[in-house]
Amino acid sequence: MGLNPVGTGPYKFVEWVKDDRVVLEANDVYWRGAPKIKKVIWRPIPDNFARVAALTRGEAQLITKVIPDHVSQIEKAGCCRVEHILTNLNTVYLINAQKGPLANTKVRQALNYAIDKNKIIKELFNGYAIPIGSGIPNTDFGFNPAIKPYPYDPAMAKKLLAEAGFANGLEIDLQSGNGIHLNDKQLTEAVAGMVAEGGVTAEVGIL
């Protein structure tokens with residue numbers, strides 16, 4: 001199945017060349033009607049700069065994962081446009097709350113108070129994001145608008161750490177991917193710097 005996929009969608013599999021391209025052709029007998037675009041070629045271009053260059057040079061008609069810093073470059077090229085919508089993609093850090101200092105609710109709350117989410121959104125994502133107060137984004141069923149994001153309050157972070165018995169601070173491990181999500185490495189480094197101001201030393205590990 002992995003090498004010779006079979007499906008019933010609007011396109012038929014034609015060719016796959018590892019790390020180079022996937023070629024699809026329109027399925028003329030598709031039950032909802034044949035697609036208007038007769039041939040589609042998907043090319044993996046992992047590098048952000050190369051992906052944008054392929055678009056602006058006319059080598060690609062559509063690209064994904066445009067980093068915020070490249071939006072103005074694409075718009076200035078005069079040949080393309082950037083479309084963006086609010087998705088349900090959340091950037092979260094999973095916490096081991098079963099043992100160690102993070103098992104203490106006040107420590108977890110202190111981490112939230114120590115992070116300036118609005119600054120991160122402005123500087124790392126050029127405003128193309130919003131802070132959320134829970135694991136359910138406002139695009140999905142179950143979102144509760146009454147649950148607000150923690151405000152940025154490093155003084156409160158230090159107060160809660162002291163109440164939890166960590167007046168002199170504590171150390172945690174903070175791990176992140178690199179290129180899995182948008183600006184994930186940079187985000188983790190920014191978070192580490194912010195929690196340090198709140199009294200938490202984060203040992204960053206990039207996987």
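Which residues in H3 meet which residues in H5? I started my notebook with that one.

**Ground rules.** I'm working on a predicted model, where local features need pLDDT of at least 70, side-chain atom pairs count only at pLDDT 80 or more, and totals for chains, interfaces and linings use all residues. Residues are numbered from 1 along each chain as its sequence is written, and side-chain values use heavy atoms, with hydrogens and water left out.

**Helices.** I looked up H3 (residues 105-114) and H5 (residues 154-163), whose axes come within 8 Å and cross at roughly 165°. Helices here are DSSP runs of H or I, at least four residues, numbered from the N terminus. H3 and H5 are therefore roughly antiparallel (angles over 145 degrees).

**Contacts.** On the H3 side I found Lys-106, Val-107, Gln-109, Ala-110, Tyr-113 and Ala-114; they meet Pro-154, Met-156, Ala-157, Leu-160, Leu-161 and Glu-163 in H5. Contact means heavy atoms within 4.5 Å.

**Rings.** I searched the whole structure and got 2 aromatic pairs. Rings of Phe, Tyr and Trp (its six-membered ring) pair if their centres lie within 6.5 Å, and planes over 60 degrees apart count as edge-to-face. Tyr-30 and Trp-31 are edge-to-face, with ring centres 5.9 Å apart and planes at 65°. Tyr-113 and Tyr-150 are edge-to-face too, with centres 5.0 Å apart and planes at 85°. I noted that Tyr-113 sits in H3 and Tyr-150 in the loop between H4 (117-124) and H5, 37 residues apart.

**Buried or exposed?** Buried means under 20% relative accessible area, exposed over 50%, and partly exposed in between (1.4 Å probe, protein chains only). Tyr-30 is buried at 17%, but Trp-31 is exposed at 70%. Tyr-113 is buried at 18%, while Tyr-150 is partly exposed at 30%.

Methods:
Axes fitted to C-alpha atoms, helices over the stretch in contact; angles between N-to-C directions. Helix = DSSP H or I, 4+ residues; strand = E, 2+ residues; numbered from the N terminus. Parallel < 35°, antiparallel > 145°, perpendicular 65-115°, else oblique. Phe/Tyr/Trp six-rings, centres within 6.5 Å; stacked < 30°, edge-to-face > 60°.
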